[in-house]
Amino acid sequence: MDPAHRDVKRRRYDASRRRAEAARTHAQVLEVAERLLLSNGYAATSVAAVATAAGVSAELIYKVFGGKAGLVREIQRRGLLGAGPVPAPERSDAVSAADIDARSLLREWTRLSTEVAPRVAPIMLLVRSAAAADADLADLLEQMAAQRLERMALNAERLTAHAGVRRDLTVEQIRDVMWTYTSPDLYDLLVGQRGWTVDQYRDFLFRGLSGQLLES
């Protein structure tokens with residue numbers, strides 16, 4: 001084999017290995033940060049503590065994530081992707097485009113919502129509790145709230161294109177019903193505080209949304 005060709009292959013292999021190692025480190029830092037933040041709270045968790053527990057330098061965390069607020073932002077973004085190999089928003093978009101009735105669409109959406117809620121709701125509540133004393137978290141809370149409302153508005157528009165939706169409701173009313181039922185507060189009340197299982201929570205969402213939004 002030509003030496004130059006071997007060098008190219010080696011560089012490609014090294015680059016691929018570095019990317020894989022960086023991805024593993026990225027995931028490890030986020031997992032450690034999430035555990036510490038949810039256990040100790042935002043104010044009591046320092047970048048240095050996360051770095052020590054994750055086995056990396058604080059400088060790396062600042063470089064990659066921009067600090068503690070950046071860690072929270074990335075934890076929330078990762079949570080929204082869900083557990084499957086295809087990100088949850090993409091799966092939601094795909095099922096919205098399917099030729100199904102509104103009841104079937106709501107069933108799929110509640111399944112996706114209960115996949116994402118355990119990952120996102122605790123972080124959103126953490127951000128809310130810390131926002132009053134931290135300007136970066138206040139900005140993040142505003143962004144997260146706007147993104148969630150925007151997503152519910154999009155879903156409301158899509159739902160009205162499927163058969164079986166109540167025609168006496170405006171798109172804005174449908175948006176607000178979906179926004180309320182999928183709130184992190186409701187998940188925390190039922191699952192976090194009252195000990196409901198995720199399956200029970202999913203059934204509650206589906207029955208509630210169906211009763212509010214679908215024709216009888």
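Tyr181 counts as buried, with a relative accessibility of 17%. That value falls under the 20% cut-off for buried residues. The model is predicted, and every value below is computed from it. The chain holds ten helices and zero strands. Tyr181 belongs to a cluster of rings with Trp196 and Phe204.

**Overall build**

- The chain reads α-α-α-α-α-α-α-α-α-α along its sequence.
- Its C-alpha trace spans about 70 × 50 × 30 Å along the principal axes.
- The chain has 216 residues, and 37% of them count as buried.
- Take the contacts in the chain with a sequence separation of 6 or more: 65% of them join residues 24 or more positions apart.

**Surface and charge**

- The accessible surface of the chain is about 12,100 Å². Carbon and sulfur atoms account for 53% of that surface.

**The aromatic cluster**

- The chain has three aromatic pairs.
- One of them joins Tyr181 and Phe204, with 6.0 Å between ring centres and 35 degrees between planes. This geometry is classed as tilted.
- Tyr181 sits in helix 8 (residues 171-181) and Phe204 in helix 10 (residues 198-213), so their pair ties together parts 23 residues apart in sequence.
- Phe204 is partly exposed, at 22% relative accessible area.
- Phe204 also pairs with Trp196: the ring centres are 5.7 Å apart and the planes stand at 85 degrees, so this pair is edge-to-face.
- Trp196 is partly exposed too, with a relative accessible area of 30%.

**Charges over rings**

- Lys68 places its charged end over the ring of Tyr42. The distance to the ring centre is 4.2 Å.
- Arg107 lies over the face of Phe206. Here the distance to the ring centre is 4.0 Å.

**A buried position: Ile123**

- Ile123 lies in helix 6, which covers residues 102-131.
- Its relative accessibility is 0%, so Ile123 counts as buried.
- Which residues does Ile123 touch, leaving out those up to four places away in sequence? They are Glu34, Leu38, Val72, Ile75 and Gln76.
- Gly55 is 68 residues from Ile123 in sequence. The C-alpha atoms of Gly55 and Ile123 are 23 Å apart in space.

**A partly exposed position: Ser16**

- Ser16 is in helix 1, which covers residues 3-40.
- Is Ser16 buried, partly exposed or exposed? Ser16 has a relative accessible area of 38%, so it is partly exposed.
- Gln28 is twelve residues from Ser16 along the chain, and their C-alpha atoms are separated by 18 Å.

Conventions: Residues numbered from 1 in each chain as written. Predicted model: local features only at pLDDT ≥ 70, side-chain atom pairs only at ≥ 80, totals over all residues. Heavy atoms only, no water. Helix = DSSP H or I, 4+ residues; strand = E, 2+ residues; numbered from the N terminus. Buried < 20%, exposed > 50% of the residue type's maximum accessible area, 1.4 Å probe, protein only. Contact = heavy atoms within 4.5 Å. Areas by Shrake-Rupley, 256 points an atom, 1.4 Å probe, with all protein chains shown as cover. Phe/Tyr/Trp six-rings, centres within 6.5 Å; stacked < 30°, edge-to-face > 60°. Lys NZ or Arg CZ within 6 Å of the ring centre and 35° of its normal.
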